[in-house]
Amino acid sequence: MRLRLTIRPLRASACVLAATLLAALPAAAQAPANGRRVLTDADYHRAEQFMPYNTDPLVLHSGVRATWLWHDPDDRFWYRTRTERGEEFVLVDPVKQTRGPAFDQEKLAAGLSTAAGTHYEAYALPFRAFTFSDDRQSVWFDLGAKRWTCSLQGYTCTSQDNKVLKNESISPDHTKAVFIRDWNLWVRDLKTGKETPLTTDGVENFGYATDNAGWERTDRPIVLWSPDSTKVATFQQDQRKDGDMYLVNTQVGHPKLEAWKYPLPGDKNVTMIERVIIDVDHPKVVRLKMPPDQHRSTLCDDVACGGVWSDVQWSPDSKHLAFISTSRDHQHEVVRVADAGNGDVRDVFHEDVTTFYDSAQAMAGRANWAYLPQSNEIIWYSERDNWGQLYLYDLKTGALKQQITTGDGNVDQILYVDAPHREIYFIGNGKQPGIDPYYQHLYKIGFDGKGLQMLTPVPDADHDVSMSDDGRFFVDAYSTPVVPPVAFVGDDQGKQVMALEKADISRLLAIGWKPPVQIVVKARDGKTDLYGLMYRPTDFDPSKRYPIINHIYPGPQTGSVGSRTFRASHGDTQSLAELGFIVVEIDGMGTPWRSHAFHAAYYGDMGDNTLPDQVAGMKELAAKDPWIDLDKAGIYGHSGGGFATADAMFTYPDFFKVGISEAGNHDNRVYEDDWGERWQGLLVTNPDGTTNYDSQANQLKAKNLKGHLLLAHGTMDTNVPPNNTLLVVNALIAANKDFDLIMLPNRNHGFGNEPYMVRRRWDYFVRYLMGATPPFEYQLTPPKEPGS
């Protein structure tokens, strides 16, 4: 599953109960028995100091993420950072090389407090992002159910309901916005407020611009505006024959049924889209002359990835639309161009693979292809030579003109194409020998494959880069998992234009913080290097023996470690270590940012879950470091990590003694169709009734359980529905196995962030892996978010 658990503070509702089959120990049970160690509230409080909500505020002048101003000739941008005063919004002009306050925060706080009737502090404002008005005379931001607009002259603030506003798509010229109403697409004039229907034949489950992939859904329209703001490309989404998913809430009185379309692998009928182009100024629907397309993309398991409809691009003159049609199994891609006026469609070229096609290394951001009708070319991404490379194609003939990038390493994301100078700016990884291959850098290269240049300094670091719309400037925040970030502005030649921030971690160091240890171990084959992180107690004593816990996310769309940027805390890994454990995260074979062969290592066998690599890596670490007690090995994970954890407990029952499996997609036949069919393949049922999905079904292995297993799931999980876990529960009962279960009423997929679940996770490892007694019902206390 796609979600990696990141611990963040969430408010826990006092009226929401957690139902559990675990019996809470009475207070008297905390007394030492048989020499068991007894952990205290002070031990847990010490561990809690290393949770993200406590460590993040101790890092100053970090977190630089540029938000570039719309249509700004000087490429100005703003960012938010924590300083000695609190949270500050900073406006930067790279042309004039100046930086200063984005607005007067004290005056805005006063104006907002007056208008809202609630006191707000100037350097703890209740929003993290804002938008300047087109004339730069005001800012607006969302707060709760309202959208606030504050003048930057008198600092008066007004609000309006944002239910419709947050679900609109605004035109490039900022004069109109489209939205969905009753399965049809409407347009609203932003000056007059007039609303006009653009379509009228949309009906339930066959609506326009619908955002429903089963596992995720919103009320936002999926559209792409033409550059001249006169048209939108979208689709009519057909889910009329899709199967339904059902969940029932928990409340006093009659429960409420939630039902929605949620296709599964192997279903005869799955979601299809009929592509259309709509004239917004003179409402008219042009249907593209082609059969319905699969609800698929080259980048993720939705047609919109990270809120962006990635596989569609307009020509600069708004007369043609290029797009990619992806097959149901992600093995066949067709690049097409449509005439926006009459709907004619022309196939340009196709790519066929035997595993899966990806247009980028991770399921986020933008697809790595570029439509260049001015020169009759297309820049295309492919892993045909085992690495993610760029290729140049002829737009008219579909012929390959040449390969642009070569050698080891991947193109991760195209940031900017300078068509007049025939140069491409892209983020790449693995191209610098002798350093962590996951570190990313900014490069530029010519269309002819010549002149490859790394524009980011400090090769031995990971670079988080954002580029201006015109490609003149970029913002780079570089760091490593153990070295805090430095941020600066650079130009298109790689010259550093101005400094922005240098992180200060003195407050973090003052609480005894120590960075994780970067590790390299061999994979299952004994040859391939695997990279990861190790967390040790800050009072680590090499003369002691420590149980080891593996925090796992198996991919295939990301790994256990995630980004290599600096973080004060990686979820609760350091907190667990502080209790007396060694915690490791290892990116095993089957995860991205390496070669295609590495990424596809367990294609068609999701039950692999990188577990052979995890076991091999942990054994290697224990052989080298005698303070690791491999006889006390545990594992935990959320979502895909929950799937892998239960699999580990069933497949390696003599190795892993304790596991905590949260929100796992334990059998991908009951998880959304696009996930399983992309990574496991299309469902095939054999004559004897077995299927090619049996090897990944955890309930079929549950009888092997020997250790202590805690399963947890939210009862209203619309991403990974709870029947995934209940299949395993049913199999464990049938096998007469002891296990523990927490079902959290009315929780969706992200319950692992809740203090209750975090505490139960700590308790479980302390009790069963360490063999100690945890404190009785310790209460974690994350701070409230500003404005909550």
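Two strands are taken to pair if DSSP finds at least two bridges between them; helices (H or I, at least four residues) and strands (E, at least two) are DSSP runs, numbered from the N terminus. The structure is a predicted model, in which local features need pLDDT of at least 70 and side-chain atom pairs count only at pLDDT 80 or more, while totals for chains, interfaces and linings use all residues. Residues are numbered from 1 along each chain as its sequence is written, and side-chain values use heavy atoms, with hydrogens and water left out.

Strand 44 (residues 628-638) pairs in the parallel sense with strand 42 (residues 546-551) over six bridges. Among the residues involved, Asn550 has Ile635 of strand 44 as its bridge partner. Strand 44 also runs parallel to strand 45 (residues 656-662), to which six bridges join it. Here Ile635 has Gly659 of strand 45 as its bridge partner. Burial is assigned from relative accessible area (buried under 20%, exposed over 50%, partly exposed in between; 1.4 Å probe, protein chains only). Eight of the eleven residues of strand 44 are buried, so this strand is largely enclosed by the rest of the structure.

The structure holds two disulfides, a disulfide being a pair of cysteine sulfur atoms within 2.5 Å. With bonded cysteines counted along the chain, the disulfides follow the pattern 1-2, 3-4. Cys150 and Cys157 form a disulfide with their sulfur atoms 2.2 Å apart; the link of Cys150 and Cys157 is right-handed, with 115° about the S-S bond. Both Cys150 and Cys157 are buried. Cys300 is joined to Cys305 by a disulfide with an S to S distance of 2.1 Å, and the link of Cys300 and Cys305 is left-handed, with -85° about the S-S bond. Cys300 is buried because its relative accessible area is 5%, and Cys305 is buried because its relative accessible area is 2%.

Most residues other than glycine have a negative phi, and most peptide bonds are trans. Val458 has a positive phi, near 55°, and is not a glycine. Val458 is placed in the loop between strand 35 (453-454) and strand 36 (462-467), and is partly exposed, with a relative accessible area of 35%. Asn609, also not a glycine, has a positive phi of about 55°. Asn609 is placed in the loop between helix 6 (596-599) and helix 7 (611-624) and is buried, with a relative accessible area of 1%. The peptide bond from Gly555 to Pro556 is cis, with omega near 5°; Pro556 is found in the loop between strand 42 and helix 5 (573-578).

Ile378 lies in strand 29 (residues 377-382) and counts as buried because its relative accessibility is 0%. The C-alpha atoms of Ile378 and Ala648 are 44 Å apart in space, and the two residues are 270 apart in sequence.
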